[in-house]
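Grab a pencil and have a look at the chain below. Try each exercise yourself before you read its solution.

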Amino acid sequence: MTSLPHPKWLATLCLGVCLLAGFATAADESFRPEPGKFPPLEKAASYRGELAFVDHANRRGSIRVQGPGMFFRNSPQPFAMLPYGAVRYRGAPADLRDIPLGTMLHVRAFLPPDPKTSAVPVIQKGTTERPAENHVLLIEDEPSLCLREGKVWKLKEVDLQNNEGAILASRETKQGGDGKATAEKFTLNAGTRIWRGRECLSLTDLIADGTWPATGKKSLGDQAVLLGIAWHPTPESVFNQFHVADIWLDDTSMQRAAQRQTEAHNALVRSYWMPAWVDHVEYGKFGRATVTATLFGGMDDALYADFKKDVPTLMAAAENTLKHSAGAYGPDHMAAGGQIIAVTKAEGPIPLGSSGIQIRFETDLITEGMRPGRVVRVRPTSWPRHAVPREEYLNDGGSGHEERFPTPAIFPKL
């Protein structure tokens, strides 16, 4: 397989990660993000686990973190996305709602920026299976990690019987030879999706055309693929073994999966508006103001391209969960209208949470919530005018404390 084309932010991310030679060591020193600053990725803790619960409206959930013990005994650990935190699924931008429960994910996270307002339980002394770093900058599935790091899974051997079995594979660089790859055994069954070009196949199809045996073992000769990995109940009480949910056999199949996910996410962002935070406000007379805001990172370049000088635009206040703060009559109702008077792009390395794109937005009637450090949502008026579901906005001036500041109350006590 060859590399998929990377958007600019992903190239920046790749560079940042490549510089993390001492990643695990850096993560040993817990880091708490500061208000108004995008935290450095190299300060994030790193762990892997199964997505066990999602509260997508509040951008939080729980992950069963992989550790040295028996996986099934680990209680799912709550996490919250930072406002500028990015989700990657199938090599493309995503929302938590896009990822099926059971998917194995890779996490980069920090301590809560403000423990008093944390939407998930604050852990004073973390462990491997219960990390204190539960505010997430980046969460991504297996193919997203491999594409970002330039790695593939090399298939060693498959062993089948009665349309299910096991596959032996190792994650390594395409060229191989780094000497660090360790083979891992996964289960697979009739539900495993195998993507080849524009086809979606099953084990039955590969057995029928003689590619894989109906019964017994076959060497696969280090065939390079990408794997979608999940947790699945395993026979004989082997709970630390994971399951292959998807196999992408070639570049075309992976590119098509990424393109579908990108289009789905683009449609979501156009409906819910681009998130950003306010850097600066210049107040004029009679409600006029010019707001300078930085668009958050991790989106498709096609979305950023719509933010141009002189484009008519709406800007609305939002919460750290990215909910519109007044949406009972639609997000437009309490939004400030105006136009973009300048767009600038930062030079040099750009932190992951930021797009590096700053807009100056001029309005003749600024509304509450557009203050420095606050989160806003921005929409060029060329984007569709949609209402959002009730659970994803606050009522106009009548929202309760729990709605504005979700507490850890829905999670089990630790």
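This is a predicted model: local features need pLDDT of at least 70, side-chain atom pairs count only at pLDDT 80 or more; totals for chains, interfaces and linings use all residues.

**Exercise 1.** Classify the ring pair F53 and F411: what is the geometry of the pair?

*Solution.* 
- Start with what you need: a pair of aromatic rings is described by the distance of the centres and the angle of the planes.
- Check the distance: the centres of F53 and F411 lie 5.8 Å apart, and rings pair if their centres lie within 6.5 Å.
- Now the angle: the planes of F53 and F411 stand at 85°, and over 60 degrees counts as edge-to-face. So the F53 and F411 pair is edge-to-face.
- Finish with the surroundings. F53 has 32% relative accessibility, so it counts as partly exposed. F411 has 7%, so it counts as buried.

By this rule, the count for the model is 10 aromatic pairs.

**Exercise 2.** Follow strand β17 (residues 336-345): which way does it run relative to β16, and how many bridges join it to β18?

*Solution.* 
- Take β16 (residues 312-317) to begin with: β16 and β17 run antiparallel and are joined by four bridges. In this pairing, T313 is opposite G338 of β17.
- Move on to β18 (residues 354-363): seven bridges connect β17 and β18, again in the antiparallel sense. Here Q339 faces E362 in β18.

**Exercise 3.** Is N58 buried or exposed, and which residues is N58 in contact with, leaving aside its neighbours within four places in sequence?

*Solution.* 
- Find N58 in the loop between β1 and β2 (60-65).
- Use the cut-off: buried means under 20% relative accessible area. N58 has 13% relative accessibility, so it counts as buried.
- With those neighbours set aside, N58 is in contact with T321, K323 and P406.
- Zoom in on K323: its side chain makes a polar contact with the side chain of N58, at 3.0 Å.

Methods
Residues are numbered from 1 along each chain as its sequence is written. Side-chain values use heavy atoms; hydrogens and water are left out. Rings of Phe, Tyr and Trp (its six-membered ring) pair if their centres lie within 6.5 Å; planes under 30 degrees apart count as stacked, over 60 as edge-to-face and the rest as tilted. Buried means under 20% relative accessible area, exposed over 50%, partly exposed in between (1.4 Å probe, protein chains only). Two strands pair if DSSP finds at least two bridges between them. Helices (H or I, at least four residues) and strands (E, at least two) are DSSP runs, numbered from the N terminus. A polar contact is a pair of N or O atoms within 3.5 Å; within protein, one must be able to donate a hydrogen and the other to accept it, and residues adjacent in sequence count only if both atoms are side-chain atoms. Contact means heavy atoms within 4.5 Å.
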